[in-house]
Amino acid sequence: MSKKNKKIILEQSEVNVVPLMDILTTMLFFLILMASAANYATLFGSGQEGSGTATDQVKFDIAVALHHDKSATIHLTDPNYLKPINPDSMSAFIQKRYRSSGNKIISREFSAKDINDLAKKVQDDLKVIKTHFPLEKNLTLAIADKVSYQQMLIMMDYITQTDEGKTFKVTDQIGRERDYRELFPSIGLRGLSNDIAQK
Amino acid sequence: MTLLKNKSKNRLVLQEINITPLMDVLTVLLFFLIKIFTVNTMNIDVPEQLTLPTIGHQAPPQEAITLVITKNQVLIDQKLLAEISNNAIPLKYQSEDRLTLPALSSYLTKEKQKRDQVFGYDGKQTDLPAGKLMIQADRDTNFSILKLLLNSAAISGYTDFQFLGTAKDTN
């Protein structure tokens with residue numbers, strides 16, 4: 001007699017993940033494609049000219065005139081009529097580098113081999129000015145017609161703040177020393193006209 | 001007689017690929033990418049013929065009316081305002097005093113009126129912030145063109161400008 005052993009085999013049912021894999025892979029490639037698009041950034045500007053704080057009847061005003069990619073001028077209210085953080089240090093700084101343009105304005109001209117070099121030189125002076133006037137945020141940028149959009153943004157970049165990791169020390173009026181990156185983030189734009197470029 | 005059936009079957013063991021780790025990785029990547037898209041809600045369409053300048057700092061764009069300046073055209077919200085030739089806007093598109101672009105001024109004035117109507121009921125219209133304009137321009141665009149357009153925008157009450165560029169790779 002043969003004994004048949006009957007085995008009841010229960011079929012193990014498995015979840016079919018193949019369609020899920022298809023969908024996930026398709027979505028993944030699609031999203032990677034979308035995410036590989038350029039990373040955008042913006043700089044902010046204003047159509048209103050900046051106005052600074054006033055002392056008596058003289059207010060802090062600073063303007064950068066960008067003549068072309070190799071030449072720029074900083075025009076600044078004479079700090080002798082204002083109240084910088086450290087008047088002696090500010091006076092020593094401007095005496096060496098700036099000259100009077102009349103009407104309580106002092107100026108300094110910059111020239112460089114290219115726009116990046118020019119913007120760096122302008123920024124170095126702006127850092128010193130900001131050290132003595134840490135509360136000021138407004139600056140007017142006057143640009144000549146032939147300056148390109150890229151050159152304009154490079155200058156705005158350097159005027160707005162220093163690069164990451166490159167801070168500078170500012171001592172406020174109660175003697176606290178802080179690391180700053182921000183220079184003059186509120187930039188008023190205008191075309192270069194005679195009253196800015198006047199020597 | 002016992003027949004020996006040598007049933008030597010070459011049994012091939014069915015090898016199954018373990019896809020569980022692959023599923024884990026794909027799911028994590030998927031959630032990561034979805035997270036990136038939910039953080040950046042602003043959709044920026046830059047025309048192909050436009051080469052944006054590079055910007056060193058990373059301030060994210062904000063919602064604003066978009067003004068596009070390619071090498072050949074000035075567009076606002078994809079509507080043609082003026083043509084550009086030799087990196088200048090022809091005189092026929094400019095105002096008589098050569099200071100503004102009338103097509104842009106009238107467009108932005110209408111937009112401002114709409115905005116004032118919507119928000120005016122809640123308070124004084126003079127308390128509303130300045131209108132925002134995002135500028136997407138080709139990197140070689142002369143400032144003379146921008147000056148004309150920014151003047152036109154400022155006259156219409158749009159004095160808050162965003163200049164779009166591509167973030168400089170700092171690595």
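Predicted model: local features only at pLDDT ≥ 70, side-chain atom pairs only at ≥ 80, totals over all residues.

Tutor: The loop between strand 4 (79-83) and helix 2 (102-119) of chain B holds B:N87. Phi of B:N87 is positive, near 60 degrees, and this is a residue other than glycine. B:N87 has a relative accessible area of 29%, so it counts as partly exposed, the class between 20% and 50%.

Now for the helix itself. Helix 2 of chain B packs against helix 3 (residues 143-155) of chain B, with the axes 8 Å apart and an angle of about 30 degrees. Because angles under 35 degrees count as roughly parallel, that is what we call this pair. As for handedness, helix 2 and helix 3 of chain B make a right-handed crossing. Which residues meet there? From helix 2 of chain B come B:L104, B:S105 and B:L108, and from helix 3 of chain B come B:L149, B:S152 and B:A153. By type, the residues of this contact split into 4 nonpolar and 2 polar, with no charged ones.

For a side-by-side with the asparagine in that loop, look at A:N103, in the loop between strand 6 (99-102) and strand 7 (105-111) of chain A. Phi of A:N103 is positive and near 60 degrees, and A:N103 is exposed, with a relative accessible area of 75%.

Note on methods. Residues numbered from 1 in each chain as written. Chains lettered and ligands numbered in written order. Heavy atoms only, no water. Helix = DSSP H or I, 4+ residues; strand = E, 2+ residues; numbered from the N terminus. Buried < 20%, exposed > 50% of the residue type's maximum accessible area, 1.4 Å probe, protein only. Axes fitted to C-alpha atoms, helices over the stretch in contact; angles between N-to-C directions. Parallel < 35°, antiparallel > 145°, perpendicular 65-115°, else oblique. Left-handed = near helix turned anticlockwise from the far one by under 90°. Contact = heavy atoms within 4.5 Å. Nonpolar A, V, L, I, M, F, W, Y, C, P; charged D, E, K, R; others polar.
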